[in-house]
Amino acid sequence: MHNYRKELFPLFDNPLYYSYHASELREQDMPLSLRRDQHGRRRVKELSAKFESELRIEKEARDSNTLPPNIQEFLDNSPFELEDTPGQEEVALTRKFGDESIRITFTIADLNEMNQDEEFDSDPALTDEEAAEAAETNVQSGGANTKGAINQGRTKGGNFAVAPEDSVAPSDREDGSYEDSGSGGEGESEPSFPARIHVNVAKAGKGILQLEVVAQDGEVMIDNVYYYQKPELADAKTAEFDWARRNLYTSPPFGNLDEDLQVLLERYLDERGVNTALALWIPEYIDFKEQKEYLNWLSNVKSFVDA
């Protein structure tokens, strides 16, 4: 039987015909489900590419796998042992001092909170009403004002910086204060944000002394001094312990103490290694760890998006 179809429409039997013309179809002519699928895949590719760009920029900015020389030098010459679990915000330093067990804890959350505060503290022209509106916007949007927006990240001293291709990446530190932090070059500045520290001094069978301290610009400033007969109350990990210590009398405000007593408590901390060197090191380590955790977050989210 003669095949008139091949003579009249020879291209119909060519598979390249269909693949070529299918690509030429206008989107509005495609089924809705197909359009949605194509749009979804395109957005996933764009998102993945953006994460890849962020990772590249951040890795080029500085090495987050190797401790800077000044941070490593402190650890090499310090009696403290570092406890840093990847993926967690809290960092601890531990040591023995005679019959005392000392544990110092701090968190990278201080850097993020400082960045959020600077958003509406940096403009002195804001009225009280405008500042309140800015604060309300910040609360309502959560992390979007700091890291949720595309390419905006947490950085020390300035929060946001600019990338070459999109002008909103967190890798470019405008002050350049942490680049090659161990070089000791001129113009190098230290992180200036206040880092909150909890110093726990425990003696077996004697309870625990807990001091809330702020470290900034090499200074150690005591905020509060607490005493607990039960060590588990110092860092209440459960609702039961938290409730148990609420009605305890812990201490008067540190500033209300006799000045000589304040000085002696400061010396007490200094003898145990809570001194200028530590006050300079902790903000730097917070900045280093925050950058490392940010890179891990970028990598993990990109892997999830690509899966």
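Start by selecting helix H4, residues 69-76. Helices here are DSSP runs of H or I with at least four residues, strands are E runs of at least two, and both are numbered from the N terminus. Colour Ile-71, Phe-74 and Leu-75, which are buried; buried means under 20% relative accessible area, exposed means over 50%, and partly exposed is in between (1.4 Å probe, protein chains only). Why do these three sit on the same side of H4? Because they cover an arc of only 95° around the axis, the arc being that of the directions from the helix axis to the C-beta atoms. Now turn to the other side of H4, where Pro-69, Glu-73 and Asp-76 are exposed.

A quick word on what you are looking at: this is a predicted model, in which local features need pLDDT of at least 70 and side-chain atom pairs count only at pLDDT 80 or more, while totals for chains, interfaces and linings use all residues. Residues are numbered from 1 along each chain as its sequence is written, and side-chain values use heavy atoms, with hydrogens and water left out.

Contact here means heavy atoms within 4.5 Å.

Between H4 and E1 there is a loop, and Ser-78 is in it. Is Ser-78 buried or exposed? It counts as buried, at 15% relative accessibility. Show its side chain and you'll find that it reaches the backbone nitrogen of Phe-80 at 3.1 Å. That is a polar contact: a pair of N or O atoms within 3.5 Å, where within protein one must be able to donate a hydrogen and the other to accept it, and residues adjacent in sequence count only if both atoms are side-chain atoms.

**Across the sheet**

Next, select the strands. They form an open sheet of six, in the order E1-E2-E3-E4-E5-E6, with antiparallel pairing. E1 and strand E6 (219-228) stand at the edges with a single partner strand each, so one side of each has no neighbour in the sheet. On average, neighbouring strands are turned by 20° against each other, direction ignored. Two strands pair if DSSP finds at least two bridges between them.

Walk along it pair by pair:

- E1 and E2 are joined by four bridges, and Leu-82 stands opposite Leu-93 in E2. Their hairpin has five residues between the strands, and Gly-87 there takes a positive phi near 90°.
- E2 and E3 pair over eight bridges; Thr-94 has Arg-103 in E3 as its bridge partner. Two residues lie between the strands of this hairpin, where Gly-98 has a positive phi near 65°.
- E3 (residues 100-107) and E4 (residues 195-203) share six bridges. Look for Ile-102 opposite Val-201, and Ile-104 opposite Val-199.
- E4 and E5 are joined by nine bridges, with Ala-202 partnered by Ile-208 in E5. Three residues lie between them in the hairpin, and Gly-205 in the turn has a positive phi of about 75°.

Move on to the loop between E5 and E6 and pick Asp-217. Its phi is near 55°, a positive value in a residue other than glycine. Most residues other than glycine have a negative phi.

**A stop at Phe-97**

Go back to strand E2 and click on Phe-97. It is partly exposed, with a relative accessible area of 26%. What does Phe-97 touch, leaving out residues up to four places away in sequence? The answer is Ile-102, Glu-271 and Arg-272. Phe-97 and Glu-271 are 174 residues apart in sequence, yet their C-alpha atoms are 9.3 Å apart in space.

**The helix over the sheet**

Bring H9 back and show it with the strands. H9 lies across E1, strand E2 (90-97), E3, E4, strand E5 (207-216) and E6, and runs at about 45° to E3. Axes are lines fitted to C-alpha atoms, for helices over the stretch in contact, and angles run from 0 to 180 degrees between N-to-C directions.

**Zooming out**

Finally, show the whole chain: nine helices and six strands. Of its 307 residues, 33% count as buried. Among contacts in the chain with a separation of 6 or more, 53% come from residues 24 or more positions apart.
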